[in-house]
Number of protein chains: 2
Amino acid sequence: MNKNNSLKIGIAGLGNVGQGVFRILTEQKELLTKRCGRQVEIVAVSARDKSKDRGLNLSGVKWYDNPVELAGDANVDCVVEVIGGDSGPAAETVRTALKNGKHVVTANKALIAKHGVELAKLAEKKNLALQFEGSVAGGIPIIKAIKESLVGNNINKIVAILNGTCNFILTKMEEEKRGFAEVLKEAQQLGYAESDPSFDVDGIDAAHKLVILSALGFGIKPDFGATFAEGITKITLQDISYAGLLGYKIKLLAIAEKNSRGEIEQRVHTCAIDAKTDIAQINGVLGAVKISTDSLGAALFTGAGAGMFPTASSVVADIADIAKNNISKPFGVSHKDLIAGKFSKIENHESEYYLRFFVKDVDGVLSSIASILSNNGIGFEKIHQELLPSKEAALVMITHNVKEEKIKKSLGEISKQNYIVSEPLFVRVEEI
Amino acid sequence: MNKNNSLKIGIAGLGNVGQGVFRILTEQKELLTKRCGRQVEIVAVSARDKSKDRGLNLSGVKWYDNPVELAGDANVDCVVEVIGGDSGPAAETVRTALKNGKHVVTANKALIAKHGVELAKLAEKKNLALQFEGSVAGGIPIIKAIKESLVGNNINKIVAILNGTCNFILTKMEEEKRGFAEVLKEAQQLGYAESDPSFDVDGIDAAHKLVILSALGFGIKPDFGATFAEGITKITLQDISYAGLLGYKIKLLAIAEKNSRGEIEQRVHTCAIDAKTDIAQINGVLGAVKISTDSLGAALFTGAGAGMFPTASSVVADIADIAKNNISKPFGVSHKDLIAGKFSKIENHESEYYLRFFVKDVDGVLSSIASILSNNGIGFEKIHQELLPSKEAALVMITHNVKEEKIKKSLGEISKQNYIVSEPLFVRVEEI
């Protein structure tokens, strides 16, 4: 099929990441040839608008308006899918490429999180690569680390900051004492958040990425439906400040772990974490993944968790593996060996909790709340109360270790009391 | 040669790392078979003392007193060299294995730093693997990250904490306000330092590791002779405390970077670094490697930089790559493409400097020191002076950016002054 020994690439999608991949493959051609032992050559691209000036020299490169047609081009060895989305043209492009015997590199987290097993099956059938380093944590090479470097390890826990938008917003809220809505607006102006920010701020984006890490780490089928995802929208500036007073930072974490019952918890939510820990120092749009295993202990990987060139760097690494004929199973083991995870419900989660109540400044509130918590078997170890300018009061506490269902039951009872001014908030405390 | 499809391993050396490798390969056999797609089987081992009880089940495993004989065993596909040392049996074992067509995995930093090119040539001639992930930063998968994940990146700078012993000592000195000699003793009792600690505390161990990272990162021949290495023995408890007052921590860092003249600085020495930076938070026996590149930006990898199971975890990852037939060039590119580095002399290094003088408490000392520095074109931006219980004084300053030769010239002049009580100290300030 090839006139020479080069690996022939078709890039489907010329958005940010696609442009980054195009530029690295073009500008680092000599370096890559040396490192791969052969040339990597872009022979085709596809995007919606051919007339748009992207600053790329497309001469000699075949143009497709339709990425699915690119995926059928007999001259292409490897399709790079950087369109995005778990269905539509992205999914069809990847399926078509694999069915036509072409390797696939993708940065599409939603696609892998939702259709990973089906696609792995297609790829394995023909010994094709289906690589997706760029789908999780941007430029941080965490997928290769789990699949290859930790190959002799049993993973116990993965804790990660996987959404730069949320981490940027929470960092700015803390550092500049500004509210969620205002900082979100700035993030949108800076291009860190979409005009519809819900995928980011509701934790869906992080959940897609977590599902992939969890599948790789625990050898389970990616199961997006089994993931608990909750975003950052309930966190107020006051919560960040109160948590700080008690020694905690609030972060949106993506966590996959085997609990004491051998079940897997797969959850994305805001966490109160000890402000002195390593993960608490990860600020702004940075990403981080911390992995705990039986042999290695804990290792932390941090860096640019998103962005044009960081993500393109990961995509190019996947392409280079294919050029070097380092073709591995998409999930590290055969799709047949992936087992269905036994997942734990969030109600069974057990940890300390940060609780926050806005209450009327009347006598007996603390004793009422304490007694309801106590009746539900909940003790607390830290407490902070302050009078607000509104003449109402804020009451904040850190509980002892307790099951989540008890927290929810207690908060249900407390929220019915007539001294309660607004919906109480709880944030899970996570030990890092 | 093989009766079945398994990868047959011979382990040369049953010290800490060798035992760890043996145990992971044995205890994680099922996991590894799934992940490698074939069995990995230990068929031979070699160590000095067969009678020693290591808690390993050696039945069915061939014993060799002489590792070089193991390296010639026709039944072995892959020799794991975990003896150590840049010559003697370790070197002979690796050479023999490669000459006999066997893959080699080693954790031997001195061997690779000093004989890497020669051994890579031997390996490449027969398309054999020569893998050495375990030689640098223990369990942190930094070699794979540079060779494979950063394949499309040009690296600008590598900053690393590569010696756990030194980092442990400096951390303890700071946290517990104890002197070097006392903490070194504790490190020896804990097994973190050898009875002859010079390889660690003089920076040689870190320099071996740095040479390997530098070669991989910059595509140059490993050149131990071109590495500046200076240890931690001159750092006093007072220096750690004074640096702290000025906002710095003192760390032994291993640094490889391209300077503004395009030359490579390859240096291991104590650095004063901003106490708020990520590297400054790496305490105790932890290791860390921070890499700055054109596409990815900066990425930081931290974890167990040494130890039985972390290092074994890296060795097993190398073995798994071979089992999966992922055979790459030892240094990422052919040994023929490795160029001779153009190195910069330490005298040409340019940075801010921490200077410390113990002086007699007499009038005119500060003005004399300031005038000598000024005559050499050195200004300073921070200064701290305090009277000591001995009635002498400590004078500490952070200079502006300046060339090292000027610092040395100035300190030469200052040390001759009659108010100087002991040898002045300078520590390079490193921007992280």
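In this predicted model, a salt bridge joins the side chains of Lys144(A) and Glu148(B), with N and O 2.6 Å apart. It belongs to a count of two salt bridges between chain B and chain A. Side chains of opposite charge can pair when their charged atoms come close. Polar contacts between chain B and chain A come to 16 residue pairs, both residues being at pLDDT 80 or more. On chain B, the side that touches chain A draws at least two residues from each of helix H2 (29-36), helix H6 (142-149), strand E12 (298-304) and helix H12 (308-323). By residue type, that side of chain B holds 20 nonpolar, 13 polar and nine charged residues.

How many residues does the contact take from chain B and from chain A? The contact involves 42 residues from chain B and 42 residues from chain A. The size of an interface is often given as the accessible area lost when the parts come together. Here chain B and chain A bury about 3,500 Å² between them, and 53% of that area is on carbon and sulfur atoms. Of the area that chain B buries against chain A, 19% is supplied by Arg35(B), Val151(B) and Leu296(B), more than by any other three residues.

The two chains also pair through strands. Strand E12 (residues 298-304) of chain A runs antiparallel to E12(B), and three bridges link the two. Within this pairing, Leu300(B) in E12(B) is the residue that Thr302(A) stands opposite.

How the copies are related is the next point. Two copies of a chain are related by a rotation about an axis and a shift along it.

Strands of a sheet pair through backbone hydrogen bonds, either parallel or antiparallel. Strand E2 (residues 40-46) of chain B is joined to E3(B) by three bridges, and the two run parallel. Ser46(B) has Tyr64(B) in E3(B) as its bridge partner.

Chain A has an open sheet of six strands in the order E3-E2-E1-E4-E5-E6, and the pairing there is parallel. Its edge strands are strand E3 (62-64) and strand E6 (130-131) of chain A, each pairing on one side only. Six bridges connect strand E1 (residues 7-12) of chain A with strand E2 (residues 40-46) of chain A in the parallel sense. Ala44(A) in E2(A) is the bridge partner of Gly10(A).

Further along chain A, strand E15 (residues 380-387) and strand E16 (residues 392-399) run antiparallel and are joined by seven bridges. His384(A) stands opposite Val396(A) in E16(A). E15(A) and E16(A) form a hairpin with four residues between them, and Lys391(A) in the turn has a positive phi of about 70°.

Over all chains, the salt bridges number 54. One of them is formed by Lys114(A) and Asp86(A), whose closest N and O atoms are 3.0 Å apart. Lys114(A) is in helix H5 (residues 109-125) of chain A, and Asp86(A) is in the loop between strand E4 (78-81) and helix H4 (88-99) of chain A, so the pair ties together parts that are 28 residues apart in sequence.

Terms used: Residues numbered from 1 in each chain as written. Chains lettered and ligands numbered in written order. Heavy atoms only, no water. Contact = heavy atoms within 4.5 Å. Buried area = accessible area lost by both parts, 1.4 Å probe. Salt bridge = Lys/Arg side-chain N within 4 Å of Asp/Glu carboxyl O. Polar contact = N/O pair within 3.5 Å; in protein donor to acceptor, adjacent residues only side chain to side chain. Nonpolar A, V, L, I, M, F, W, Y, C, P; charged D, E, K, R; others polar. Pairing = 2+ DSSP bridges.
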